[in-house]
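Hi everyone, thanks for coming.

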Amino acid sequence: MSMKHKSSIITATLAGTLLFGTSAAQAEAEFTMKIGHVAAVTQPLFDCAEVMKAHVEKYSSGRIEVEHYPAGQLGNFRQNIEQIQLETLEVTLTSGGGISNVFPPIQAFDIPYLFNGDRIIEKVMEDSELNARLRADVLKASDNVRLLGMTGGPGWRDFFSKKPVRTAADLEGIKMRTIESPVAMELSRALGMNPTPVAWPELYTSLATGVVEGTKNSLGDVVDTNLHDFVKYAVEDHHTNTIVFWWIGDKFLQSLPEDLQNVVLDGYHALANTCNGLPGALNVKKYQKFVEAGGVVHIPTPEEKATFLPGQKPVLDWYVENHGTEYLDLVKAAIARAEAAVEAERAAVAGR
């Protein structure tokens, strides 16, 4: 028998063994956990979900089979949340605006120019008091959507345009893509833009065809999905940060025995560790890629940054009029705790 023929037999045997092994593992699975979201496979959020998938499958010893559906395969933010409510999806992610139809007060997190730096946001996302209150309120409002937690995502949202931009006046009149969130739309409108909601999977085509002329996203989002094919100019006004909210079906979680609940929750913890570190490290190369492709990132002077700040008040007024001050006060209290904690940490390290 030739070596080539032996190799073919070995390959076929291995393939059969792997197929049988896969089928056996699937047959032994007691539960199926589907993770569905809008993030593209090129984005760090995809890798975060893969970390959770790997952890859950490994430490459940195959008792939980995890299916991962990225890139909007199962729909947009709203559709994914509806699927969790209907118990056809177990885990998803959204922005604050992405679940605002279920729990509108969550839009307090998206009020522009509220957070002062990455360290403050990190503390707020980990704030146990804020997490507990949000978890209880969203679960009550949705019947089945339980907050796993908040993580970092692509980073700060900035304005991207097809034309040079240094101040808010440079963006007046342009069709600016926003998510379907009144907070995001109010900010763009307050600064003289024409806010145009476009679903994330449709944004590349919408920029290509002129449906929109700009977008308010993070640099990572833009580069990961090649939006810089069309938007070459950015201004780092840092109006909001892309806090990512991770959700799980409560009925699914409660259906698991305690040991498997712990596996899933620890899998989320592994996901969170990845999400809170990976994007920042990757953004260095993404910035380089944006610039090498002809992109221009403008860092505004204090005077130029001031031209954007008037966009906050109309959003605050809209928010308070429609949702009161309760959640705004909760977020502000968490920010105050975060600022105090960060200052104490700085003082301890510096010996002040």
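What classes of residue make up the lining of the largest pocket? There are nine nonpolar, eleven polar and four charged residues in that lining. Please keep in mind that we are looking at a predicted model.

The space inside the largest pocket comes to about 490 Å³. How do we find empty space like this at all? Rolling a probe the size of a water molecule over the atoms shows where empty space is left.

Which element gives the most to this lining? That is α11, with five residues.

On to the second largest pocket, which has a volume of about 270 Å³. Here 17 residues form the lining, and N76, F77, I179, E180 and A199 are the ones nearest the centre. Helix α3 (77-85) and strand β6 (175-178) each supply at least two residues of this lining. By class, we count eight nonpolar, six polar and three charged residues around the second largest pocket.

Next, the disulfide. As a reminder for anyone new to the term, a disulfide is a covalent bond between the sulfur atoms of two cysteines. How many does a search of the whole structure find? The search finds one. This disulfide joins C48 to C275, with an S to S distance of 2.2 Å. The pair links distant parts of the chain: C48 sits in helix α2 (residues 44-59) and C275 in helix α10 (residues 258-275), 227 residues apart.

Are these two cysteines buried or exposed? C48 has a relative accessible area of 0%, and C275 has 2%. Buried means under 20%, so C48 counts as buried, and so does C275.

Now for the sheet. It is an open sheet of six strands, and reading across you get β7-β6-β8-β5-β9-β11, with mixed pairing. At the edges are β7 (194-197) and β11 (296-298), each of which pairs on one side only. From one strand to the next, the twist averages 35°.

Let's zoom in on β5. On one side, β5 pairs with β9 in the antiparallel sense over five bridges.

What about the side chains? In a regular strand the side chains alternate between the two faces of the sheet. You can follow this along β5: W156, D158 and F160 point one way, R157, F159 and S161 point the other way, and all are buried. Why do we call β5 largely enclosed by the rest of the structure? Because six of its six residues are buried.

Methods. Residues are numbered from 1 along each chain as its sequence is written. This is a predicted model: local features need pLDDT of at least 70, side-chain atom pairs count only at pLDDT 80 or more; totals for chains, interfaces and linings use all residues. Side-chain values use heavy atoms; hydrogens and water are left out. On a 1 Å grid over the protein atoms alone, a cavity is a set of points where a 1.4 Å probe fits but cannot get out, and a pocket is an open set with protein on both sides within 12 Å along at least five of seven lines; lining residues have an atom within 4 Å of a point. Grid points are joined across faces, edges and corners, and a volume is the space filled by probe spheres set on the points. Helices (H or I, at least four residues) and strands (E, at least two) are DSSP runs, numbered from the N terminus. Ala, Val, Leu, Ile, Met, Phe, Trp, Tyr, Cys and Pro count as nonpolar, Asp, Glu, Lys and Arg as charged, and the others, Gly among them, as polar. A disulfide is a pair of cysteine sulfur atoms within 2.5 Å. Buried means under 20% relative accessible area, exposed over 50%, partly exposed in between (1.4 Å probe, protein chains only). Two strands pair if DSSP finds at least two bridges between them. Axes are lines fitted to C-alpha atoms, for helices over the stretch in contact, and angles run from 0 to 180 degrees between N-to-C directions.
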